[in-house]
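User: Could you walk me through how this chain is put together, please? I have the sequence and the model open.

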Amino acid sequence: MLKNKTENTFRFVNRLEWNETEMPTYMIPNPSDAVSWGYFRNFTSIYLWNFNDSATAGECLNGSQMQFRIKTVPESIAFPNRDMTVNTVAATFEGNTTEWSAWTFSTGPLYGYCVYIHKNCQKIMVAQWDYNSSLPNCNNRKYLSQETFKPNDIHTINVTIFVPRGVPAGNTTSSVMTFFAES
């Protein structure tokens, strides 16, 4: 996660969330033909999401045939409300490549992010600053800074690691974060 000097909170650079193998107990999907569901985990809460696939080809790339929703109310451990017909917000389709479809939310826990659904419908990526050329364009993608630098200027970026509840224990692969400056 990164936070630049103009942000108040840390934001995910690009974070993968995988679907749950089984539909969560007591879940009422919306749309009713949802094929994938899972949780977005932020610092303090978890939010249930679901989406259906493209009617043609059975992939998750054609946004005109898909609905993607997330709960706007965090899940309560004691009394989980998994009815996706209430307290949800629908995503807006932004575009697609051959591997990913891009979505944005006007409110809710994923507001301000680009959310990408993989074509196999088994994972989503939540991103803020990822300019990977394999990803479709997204209106919420932005640069860390838009300012013009002169000699001796400094721009501070804070980096932190966040491992939410529900992530399996074990080793993970390393990753490289690359920063580009352009004129």
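This is a predicted model: local features need pLDDT of at least 70, side-chain atom pairs count only at pLDDT 80 or more; totals for chains, interfaces and linings use all residues.

User: How many bridges pair E9 and E10, and in which sense?

Analyst: E9 and E10 are antiparallel and pair over 4 bridges, where pairing requires that DSSP finds at least two bridges between two strands.

User: What sheet has E10 and E9 in its order?

Analyst: They belong to an open sheet of 5 strands, ordered E2-E10-E9-E8-E7 with antiparallel pairing. The edge strands are E2 (14–18) and E7 (92–96), each of which pairs on one side only.

User: Switching topic, which strands form the sheet of 4?

Analyst: That open sheet runs E3-E4-E5-E6, again with antiparallel pairing. Strand E3 (36–41) and E6 are at its edges with a single partner strand each, so one side of each has no neighbour in the sheet.

User: And what does E5 pair with, over how many bridges?

Analyst: E4 is joined to E5 by 3 bridges, and E5 also pairs with strand E6 (residues 88–90) over 3 bridges. Within E5, Ile70 is the bridge partner of Trp49 and stands opposite Val89 in E6, while Phe68 is the bridge partner of Phe51.

User: Which way do the E5 side chains point, and are they buried or exposed?

Analyst: Phe68 and Ile70 point one way from E5 and Arg69 and Lys71 the other, and all of them are buried, meaning under 20% relative accessible area with a 1.4 Å probe, protein chains only. In a regular strand the side chains alternate between the two faces of the sheet.

User: Which residues have the most contacts inside the largest nonpolar core?

Analyst: Phe51 and Phe68 do, in a core of 21 residues; a nonpolar core is a set of buried Ala, Val, Leu, Ile, Met, Phe, Trp, Tyr and Cys residues joined through side-chain atoms within 4.5 Å. Strands E4 (46–51), E5 (68–71), E9 (114–118) and E10 (123–127) each supply at least two residues of this core, and E4 gives the most, with 3 residues.

User: Where does a second core come in?

Analyst: A second, separate core of 8 residues includes Trp100, Ala102, Tyr116 and Met125.

Technical notes
Residues are numbered from 1 along each chain as its sequence is written. Side-chain values use heavy atoms; hydrogens and water are left out. Buried means under 20% relative accessible area, exposed over 50%, partly exposed in between (1.4 Å probe, protein chains only).
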